[in-house]
Amino acid sequence: MRKPSVTVEKICLLAGKIMLASGAETYRVEDTMDRIARCYGIENPQSYATLTGLHFSLDYTSSSYFLRITKRATDLHKIDEVNQLSREIVAEQMPLSTAYDKLKTLEKHVPTFSLSFQVLAAALVSGCFSLMFGGIWPDFLPACLAGGIGYLTMILFDKMIEIRFLAEFFGASFVGLIALSCFSLGFGGSLEMIIIGAVMPLVPGLPITNAIRDLMAGHLVSGVSKGIESLLTAVAIGAGIAIVYGFFPV
Amino acid sequence: MLEIIIQLAASFIASAGFGVLFNAPKKSLIPCGLVGMIGWIFFYTLTNHQVDIVAATAFAAILVSILSQVCSRILKRPIIIFTVSGIIPLVPGGVAYNAMRNFVENDYNTAIQLSAQVMLLAGGIAIGLMFSQVINQIMTKLQKARQ
């Protein structure tokens with residue numbers, strides 16, 4: 001079978017898709033797409049990125065291409081790689097097919113850190129946060145346990161069920177359950193500090209920061225939708241904890 | 001003194017750990033941790049000296065965004081990598097938790113008060129991040145003017 005020819009718009013859309021799906025700010029996505037297009041001699045590239053879709057056309061009167069983004073995750077490594085690659089493309093005037101192949105391999109790139117290492121990091125993060133927010137040493141281990149298991153639950157549910165915000169809800173309720181059982185078995189100084197620390201790995205840090213940065217760059221549609229996304233995630237976490245409190249009043 | 005050392009270590013591990021959760025490039029984990037650590041210690045000292053928590057958050061966020069700007073220029077990586085891990089310790093998790101808990105316990109007055117504080121704290125973070133954008137634009141314009 002003949003390989004379909006690679007065009008500038010294909011490269012731009014692919015680069016934009018990888019960045020958006022990894023959680024980059026929309027203004028950065030548009031900027032990268034425009035930059036790549038300009039380096040291939042397009043004078044008036046028109047790109048428009050939102051949280052759920054990408055538009056790109058070579059000129060404002062030429063036909064426009066559209067790409068739907070369904071799955072979004074947080075992967076700073078990929079954003080960084082595409083950023084580096086776009087610099088290389090601009091600097092070296094890379095041939096279209098090479099650039100396309102490089103982007104394709106980048107897209108399939110597996111995460112740098114294994115799941116077990118991430119869970120370990122989540123556990124440490126939780127313990128440290130409970131110390132930072134005013135907890136005492138006995139809170140450290142229960143927070144680690146609750147945070148690690150809560151994060152693992154969130155990842156597993158995210159893979160199993162494709163309903164947004166449900167993973168965070170279950171993650172938070174596991175955090176609540178484990179923290180509550182640790183506390184009632186006599187471990188830890190204060191239940192509050194354990195839960196506050198252990199919930200931190202679930203907090204949508206990237207959407208919050210991105211929402212602010214996008215709003216400031218004038219990307220109101222993406223900024224507001226990201227803000228709503230993080231607000232709903234926060235509500236889901238709160239509800240997860242609240243349901244535990246509802247069943248087992250302290 | 002011991003308290004400060006514990007806070008330094010905890011905030012470093014927490015910020016770098018968040019880098020791992022967000023799958024940041026390996027080489028940027030230590031700068032991520034440092035940015036988070038300096039931002040948090042600044043916030044911690046300010047609040048210990050009776051500075052209002054909203055103001056302290058805004059100042060710490062400004063510091064974090066300046067440091068991230070420096071890191072992203074030196075290491076030539078997107079600034080978002082550093083800001084995210086630096087900002088995370090300033091996110092008002094504790095206040096939000098208390099607000100939510102009061103909602104569950106049907107104490108709406110306290111809950112609304114705490115929610116308003118959460119909104120203000122988030123605004124403080126936004127101001128801090130905005131400040132970095134301002135500095136960035138001034139620096140780029142100065143560079144252009146010099147050429």
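What percentage of the 250 residues in chain A do buried residues make up?

Modeller: Buried residues make up 50% of the 250 residues in chain A, where buried stands for 20 or more other C-beta atoms within 10 Å of a residue's own, 12 or fewer being exposed and anything in between partly exposed, with C-beta atoms placed from the backbone. This is a predicted model, in which local features need pLDDT of at least 70 and side-chain atom pairs count only at pLDDT 80 or more, while totals for chains, interfaces and linings use all residues. Residues are numbered from 1 along each chain as its sequence is written, and chains are lettered from A and ligands numbered from 1 in the order in which they are written.

Chain A has 10 helices and three strands, counted as DSSP runs numbered from the N terminus (H or I with at least four residues for helices, E with at least two for strands). Along the sequence these elements follow the pattern α-α-β-β-β-α-α-α-α-α-α-α-α, and the C-alpha trace spans about 70 × 35 × 30 Å along its principal axes. Of the contacts in chain A between residues at least 6 apart in sequence, 65% join residues at least 24 apart, a contact being two C-beta atoms, placed from the backbone, within 7 Å.

Among the buried residues of α10(A) are A:Ser222, A:Gly223, A:Lys226, A:Ser230, A:Ile237 and A:Val244. What covers the buried residues of α10(A) includes α2 (26-39), α7 (166-184), α8 (191-199) and α9 (205-216) of chain A, together with α5 of chain B.

The axes of α7(A) and α8(A) come within 10 Å and cross at roughly 150°, with axes fitted to C-alpha atoms over the stretch in contact and angles taken from 0 to 180 degrees between N-to-C directions. That makes α7(A) roughly antiparallel to α8(A) (over 145 degrees counts as roughly antiparallel, under 35 as roughly parallel, 65 to 115 as roughly perpendicular and the rest as oblique). The crossing is right-handed, in that the near helix is turned clockwise from the far one by less than a right angle, anticlockwise being left-handed. Residues of α7(A) including A:Ala172, A:Val175 and A:Phe183 meet residues of α8(A) including A:Leu191, A:Ile194 and A:Val199. By class this contact has 11 nonpolar, one polar and no charged residues, with Ala, Val, Leu, Ile, Met, Phe, Trp, Tyr, Cys and Pro counted as nonpolar, Asp, Glu, Lys and Arg as charged, and the others, Gly among them, as polar.

A single residue shows how the two chains come together. A:Ile79 is found in helix α3 (residues 76-92) of chain A and counts as buried because it has 30 C-beta neighbours inside 10 Å. Leaving aside residues up to four places away in sequence, A:Ile79 touches A:Met19, A:Ser22 and A:Ala24 as well as B:Pro78 and B:Ile80. The C-alpha atoms of A:Ile79 and A:Ser22 are 6.5 Å apart, although 57 residues separate them along the chain.

Taking the partner as a whole, 37 residues of chain B are in contact with 41 residues of chain A. The elements giving two or more residues to this side of chain B are α1 (2-21), α4, α5 (93-104) and α6 (108-146), and the largest share, 10 residues, comes from α1(B). The residues on this side of chain B divide into 26 nonpolar, eight polar and three charged.

Helix α1(B) has 20 residues and reaches 28 Å from its first C-alpha to its last, close to the 28 Å expected. The buried residues of α1(B), which include B:Ala10, B:Phe12, B:Phe18 and B:Leu21, pack against α5 (115-132) and α9 of chain A together with α2 (29-48) and α4 of chain B. Just after α1(B), B:Asn23 takes a positive phi of about 60°. Chain B itself comes to six helices and zero strands, and 50% of its 147 residues count as buried.

Technical notes:
The expected span of a helix is 1.5 Å times one less than its number of residues.
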